[in-house]
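Here is a friendly walk through one protein model, helix by helix.

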Amino acid sequence: KEKQLALVKKIIERPVFYSVFDLVIRYGALPDKNEICRIMTESNLHINQVTIERRASTVRAWVDWILRLAI
């Protein structure tokens with residue numbers, strides 16, 4: 001469990017993951033892929049839109065994994 005918590009800490013340090021996790025805390029649900037894409041675009045990641053759309057699914061999956069750790 002300690003290793004998982006250390007990994008969660010590192011993940012949440014990244015601004016995109018923090019923003020998505022913050023939305024979950026505020027609204028009680030994972031944002032959809034379009035909202036995550038918007039967050040990523042506004043974060044100036046210097047990656048193209050195709051990559052943003054692909055990585056948005058990854059961001060969503062990691063945040064979902066973090067949430068399931070609490071269950």
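At what angle do H2 and H3 pack, and how far apart are their axes? The angle is about 140°, and the axes are 10 Å apart. Before going further, keep in mind that this is a predicted model.

**How the helices cross**

Let's stay with that pair for a moment. Angles over 145° would count as roughly antiparallel, and those from 65° to 115° as roughly perpendicular; H2 and H3 are therefore oblique to each other. Their crossing is right-handed. On the H2 side, the residues involved are Val-16, Ser-19, Val-20 and Leu-23, and they meet Glu-35, Ile-36, Ile-39 and Met-40 in H3. Sorted by class, the contact of H2 with H3 has six nonpolar residues, one polar and one charged.

Next up is H2 with H4. Helix H2 covers residues 15–27 and helix H4 covers residues 49–69; the two pack at an angle of about 55° with their axes 10 Å apart. H2 and H4 are therefore oblique to each other as well, and their crossing is right-handed. Here H2 brings Val-16, Phe-17, Val-20, Phe-21 and Val-24, while H4 brings Val-59, Trp-62, Val-63, Ile-66 and Leu-67. This contact is made of ten nonpolar residues, with no polar and no charged ones.

That leaves H3 and H4. Their axes come within 9 Å and cross at roughly 120°, and this crossing is right-handed too. H3 contributes Lys-33, Ile-36, Cys-37, Met-40 and Thr-41 to the contact, and H4 contributes Gln-49, Ile-52, Glu-53, Arg-55, Ala-56, Ser-57, Val-59 and Arg-60.

| Helix pair | Angle | Axis separation |
|---|---|---|
| H2 and H3 | about 140° | 10 Å |
| H2 and H4 | about 55° | 10 Å |
| H3 and H4 | roughly 120° | within 9 Å |

**Two helices with a buried side**

Which residues of helix H3 (residues 33–42) are buried? They are Ile-36, Cys-37, Ile-39 and Met-40. These residues cover an arc of only 160° around the axis, so they sit on the same side of H3. Over on the other side of H3, Asn-34 and Glu-42 are exposed. As for what the buried residues of H3 pack against, that is H2 and H4.

Helix H1, which spans residues 2–12, can be read in the same way. Val-8, Ile-11 and Ile-12 are its buried residues. Their arc around the axis is only 90°, and that puts them on the same side of H1. Turn to the face pointing away from that buried side and you find the exposed residues Glu-2, Lys-3, Lys-9 and Lys-10. H2 and H4 are among what covers the buried residues of H1.

**In the loops**

The loops have some details of their own. Leu-30 belongs to the loop between H2 and H3. Is Leu-30 buried or exposed? With a relative accessible area of 18%, Leu-30 is buried, because buried means under 20%. Leaving out residues up to four places away in sequence, Leu-30 touches Val-24, Arg-60, Val-63, Asp-64 and Leu-67.

Most residues other than glycine have a negative phi. Asn-44, though, has a phi near 55°, a positive value in a residue other than glycine. His-46 also has a positive phi, near 60°, and is likewise a residue other than glycine. Where do these two stand on exposure? Asn-44 is exposed, with a relative accessible area of 54%. His-46 counts as exposed at 77% relative accessibility, because exposed means over 50%.

Definitions and conventions
Residues are numbered from 1 along each chain as its sequence is written. This is a predicted model: local features need pLDDT of at least 70, side-chain atom pairs count only at pLDDT 80 or more; totals for chains, interfaces and linings use all residues. Side-chain values use heavy atoms; hydrogens and water are left out. Axes are lines fitted to C-alpha atoms, for helices over the stretch in contact, and angles run from 0 to 180 degrees between N-to-C directions. Helices (H or I, at least four residues) and strands (E, at least two) are DSSP runs, numbered from the N terminus. Angles under 35 degrees count as roughly parallel, over 145 as roughly antiparallel, 65 to 115 as roughly perpendicular and the rest as oblique. A crossing is left-handed if the near helix is turned anticlockwise from the far one by less than a right angle, and right-handed if clockwise. Contact means heavy atoms within 4.5 Å. Ala, Val, Leu, Ile, Met, Phe, Trp, Tyr, Cys and Pro count as nonpolar, Asp, Glu, Lys and Arg as charged, and the others, Gly among them, as polar. Buried means under 20% relative accessible area, exposed over 50%, partly exposed in between (1.4 Å probe, protein chains only). The arc is that of the directions from the helix axis to the C-beta atoms.
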